[in-house]
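Subject: Structure for your review

Dear colleague,

Please find below the structure that I am handing over to you.

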Amino acid sequence: MTAAEDPARLRYLEETRLRRARSAVLDFIRRRPLGVAGAVVIVVMVFAAVFADVVAPYGPQEGTFSGLPEPPSLQHLLGTDAFGRDVFSRLLYGSRTALLVGFSSSLVGSTLGLILGVVGSYFGGKTDEIIERFMDVLISFPLVVIAIAVIAALGPGTTNVIAAITLPVIPRVARVVRSSGLAVVRMPYIEAARSVGVRAPRIMFRHMVPNVFAPYLIMLTAFLGQAVLLEATLSYLGLGVVEPEPAWGNMLRGQGMQFLDQAPWLAIAPGVAISLAVFGFNLFGDSLRDALDPRLRAA
Amino acid sequence: MFPKRVGLTLVALLLASACAPSGTPAGASPTAAGEKPQSGGELLYIVTAEPPTFDAHQSTTFATLQPISPHYSLLYKLDPADNVSKIIPDVADGMPTVSTDKLTWTIKLRQDVTFQDGQQMTAEDVVATYNKIINPPQGVTSPRKGVYAPVASVEATDKFTVTFKLKYATGSFLASLASPWNYIYSAAKLKQDPKWYEKNVDGTGPFTFVEYQKGSYWAGKKNPSYFGKDKNGTKLPYLDSYKAFFITDPNRQTAAIQSKQAMIEFRGFTPQQRDQLQRALGNDLAVQESPWVCVNYITFNTKKKPFDDARVRRALTLAIDRWSGGDALSKQTIVKDVGGLMRPKGPFAMSDADLQKIPGFYKDNAKAVDEAKKLLADAGVSNLTFNFLNRNVTTPYEPVAVFAINEWKKIGVTATHQVKETAAYLADLRAGNYDVGLDFNCDYFDEPDLQLAKFYSASGLGKGLNLAGYDDPKLDQMIDAQSRETDPAKRKQLVWDIERYAMGEQAYQVPVLWWYRIIPYLKIVRGYVIGSNHYTTMDMANIWLAKQ
């Protein structure tokens, strides 16, 4: 039996890993109160999205059709819209859309960016040139312009919104991951792996990816907030999720704007929700970056 | 500190909103009795879209008529003091002389009409204009060509006389001659280039062209050689000039009137815009409201299953409680009245009692829902799901679609709202690439020939208009029969038979709710009567500004 197979040693290593993780979390909570506040917002949002069916007092499309919005009351905490639908319930269900679009697009976009960044930095040469020039093209357009172009081509709807937001995330993550990858690819352990004949995919995904995971994670959380905002922007412009599906952007759009004067709660509720969500993701992302970046850790 | 301030602001906003008085429409006489029109001034108005072409013959949008009509005249037009049904001569010198068989219409023209390039208008110009509309040359479109199907020929019998010969007598021909789309063009210009008017302006109207700043405004000034005079013999127009601002965003439209940078918008505002302006402007604001010859149709793609089955179409129209929908939607958007294929309260409207006997118009919604469920079960599609195609325009399309989707839920039908940009939406509707769509129809006149044109067979006279895609020779015959009936009372009965068959029995294309027009404007604007549409009396000849 080798030392690596010794159960006592394995248990010790596992306990050490857990202790370190617990210590890192406690350290994060102690040193990054703003990050914790962001995390709390995210947790509340996730809770609302997952348990909307239980927490929401009404269905997202359920209502007594009266034609005029009702102000906040005990029956309707945030009032109703002109279709008699409960704004609070639509807000809770809308968090599903925000999180679905936010998580899906930033996860898929960041992961594709991670893959392209690692592949480019590992192979270098023409492969890197081709990937980078393609990324240059994509990055030369503002986030929202590419998203609108994609929606114009594919049409509105949740799936297309996810695709529209995913695309502009890819080059931004790829660029950051590539720069980290260029440093990693020169490390002796990569040289060592190459010299013993380990194949490129294994080197990239077994040895490089874990070492560029911190910037990936930071970008992922940073883009979560942006993706939520972009989804709201597209829905507000009528290019995203369409009525009667609940989404914060389309709640702001039609009746939110139409009744701004007479029923401001219709615009205030989704507006505050969007701001809080983006604020939460940004606070958490920033704190995570500070915690994971050795240069900023001391600060 | 910051959250507290935000909280107080929110509370203040809520309180302000709760305390704000709710707006009520204030009727305002366009020109009070005994009031003498005053000359001078510049009319500033809003047009909510840009003209895709300057050529009204080819256009189908108000965005062409509202800024450009002041440069042109028509053969006949709606009386600006009525703007619903009274037709008066424009460049015609009196009403037409009609032969006893009603097949020959002779029209004398005024001899004092000149184009803005100084050329005198003659019968040749009127003939060239109508020939372009009825038989458009290669490469020129004419969307209303079908309306002139009864016309056999248009001829200039002398320099100032035009004769229309018809293939059959029709009750709608005078209305067709008063179409606001039929600007009188110069025969010489059309001969030179039939597309000249797409990008140029030369008419005989009350105003000459000054400039067009794309995306910003269209401007015109008084035409000193305009022939028109008011009933007191005062030369028209009263205004020195006008400027039409292109403002697409509803909030900016309201802000423009609220800040008095614009005086009026002629298409129509929502009740919220009206209320906001009333609160802000008080007595400086006048409001006119009227039923509108515009309606949203639910159009079923009859070439697709299960919408080829009349039972399914009938079930879907039955589920919609239009009466309560009209009450509720009228508080938030520009729809209100329940009606059939002809404008409610208009001259061809069916009585409410008769309308309520047609499926989809029952007052007893519970009975309608039961009947609809049974029809769906009989057709074997109890849990029907489909895409509901709509255009990316909020007012009134979005609330009307949400309303219909909610109503269909009552009978176990799930419709997915599929919203597309206008061009893509129209392309899909025309190509039959949809399940069920929200269509619309707007006209300038209460005239069955106009309102029923889209009910002709898709491969016949309804080509391009009938988006449901059906061919129904029986319905074609019914529409033809009412068109040829010259006795108004008999014609009404024939129109109502069509409504019972097309909406109730077949339910090919069913109206949801008719639109309701609300025009809030600065009280200094006088001489405009709302009428029933947003196309006619747009030459601005009779509008004047009261001195403040």
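In chain B, helices α9(B) and α12(B) cross in a left-handed manner; a crossing is called left-handed if the near helix is turned anticlockwise from the far one by less than a right angle, and right-handed if clockwise. The contact is formed by B:R311, B:V312, B:R314, B:A315 and B:L318 on α9(B), and by B:A368, B:E371, B:A372, B:L375, B:L376, B:D378 and B:A379 on α12(B). Two residues are in contact if their C-beta atoms, placed from the backbone, lie within 7 Å. By class, the residues of this contact are eight nonpolar, no polar and four charged. Here Ala, Val, Leu, Ile, Met, Phe, Trp, Tyr, Cys and Pro count as nonpolar, Asp, Glu, Lys and Arg as charged, and the others, Gly among them, as polar.

Please note that this is a predicted model, in which local features need pLDDT of at least 70 and side-chain atom pairs count only at pLDDT 80 or more, while totals for chains, interfaces and linings use all residues. Residues are numbered from 1 along each chain as its sequence is written, and chains are lettered from A and ligands numbered from 1 in the order in which they are written.

The axes of α9 (residues 310–318) and α12 (residues 365–379) of chain B come within 8 Å and cross at roughly 155 degrees. α9(B) is therefore roughly antiparallel to α12(B), a term for angles over 145 degrees. Axes are lines fitted to C-alpha atoms, for helices over the stretch in contact, with angles from 0 to 180 degrees between N-to-C directions. Helices are DSSP runs (H or I, at least four residues), numbered from the N terminus.

In chain A, the axes of α4 (residues 87–123) and α7 (residues 158–184) come within 5 Å and cross at roughly 35 degrees. The crossing of α4(A) and α7(A) is right-handed.

As to domains, whose bounds come from an automatic or database domain assignment, chain B has domain 1 (42–257 + 524–545) and domain 2 (291–516). Domain 1 of chain B gives 17 residues to the contact and domain 2 of chain B gives 19.

Between the chains, the contact takes 24 residues from chain A and 26 residues from chain B. On the side of chain A that touches chain B, α11(A) gives the most, with three residues.

Yours sincerely

Methods: Helix = DSSP H or I, 4+ residues; strand = E, 2+ residues; numbered from the N terminus. Parallel < 35°, antiparallel > 145°, perpendicular 65-115°, else oblique.
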